[in-house]
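I opened this structure with a plain list of things to look up. My notes follow in the order I took them.

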Amino acid sequence: MTLHGTDSECGKALGMAARFADGDLAADELAWLNGHIKRCAGCADTLGCFAEVESALGELGQGITRDHPAPANARSRLAARIRPDTPA
């Protein structure tokens, strides 16, 4: 395992970080990324940290939603603000 791969490979890997953390990579992208992080300790560490932060933020958001639910008409009010022709 190396400390870091080529700049272009690492850039590609780090560019996939958000979709990796969300589980949104296509199978071929995930296979490539898994191969890269097996060879590149720097990207493995960075993606691991990114996934931890993403998970913590998701848990925080769920807690806020659970403890402070949105008003019943929040969705329609938001739609009306975005598209004024939508009834509130």
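These entries go from the overall fold to single side chains.

**Entry 1: the model.** I noted at the start that this is a predicted model.

**Entry 2: the fold.** I looked up the secondary structure. The protein chain has five helices and zero strands. Read from the N terminus on, the elements run α-α-α-α-α.

**Entry 3: contacts along the chain.** I took the contacts between residues at least 6 apart in sequence. Of these, 57% join residues at least 24 apart.

**Entry 4: surface and interior.** I checked burial next. Of the 88 residues in the protein chain, 17% are buried. The chain exposes about 6500 Å². Carbon and sulfur atoms supply 58% of that area.

**Entry 5: salt bridges.** How many salt bridges does a search of the whole structure find? I got one. It joins glutamate 29 and arginine 19, and their closest N and O atoms are 2.9 Å apart. The pair links distant parts of the chain, ten residues apart. Glutamate 29 sits in helix H3 (residues 27-39), and arginine 19 sits in helix H2 (residues 17-22).

**Entry 6: rings.** I searched for aromatic pairs and counted zero. I then looked for a charge over a ring. Lysine 12 lies over the face of tryptophan 32, at 4.3 Å from the ring centre.

Definitions and conventions. Residues are numbered from 1 along each chain as its sequence is written. This is a predicted model: local features need pLDDT of at least 70, side-chain atom pairs count only at pLDDT 80 or more; totals for chains, interfaces and linings use all residues. Side-chain values use heavy atoms; hydrogens and water are left out. A salt bridge is a side-chain nitrogen of Lys or Arg within 4 Å of a carboxyl oxygen of Asp or Glu. Helices (H or I, at least four residues) and strands (E, at least two) are DSSP runs, numbered from the N terminus. Rings of Phe, Tyr and Trp (its six-membered ring) pair if their centres lie within 6.5 Å; planes under 30 degrees apart count as stacked, over 60 as edge-to-face and the rest as tilted. A charge sits over a ring if NZ of Lys or CZ of Arg is within 6 Å of the ring centre and within 35 degrees of the ring normal. Buried means under 20% relative accessible area, exposed over 50%, partly exposed in between (1.4 Å probe, protein chains only). Contact means heavy atoms within 4.5 Å. Accessible areas come from the Shrake-Rupley method with a 1.4 Å probe; for residues, only the protein chains shown count as cover.
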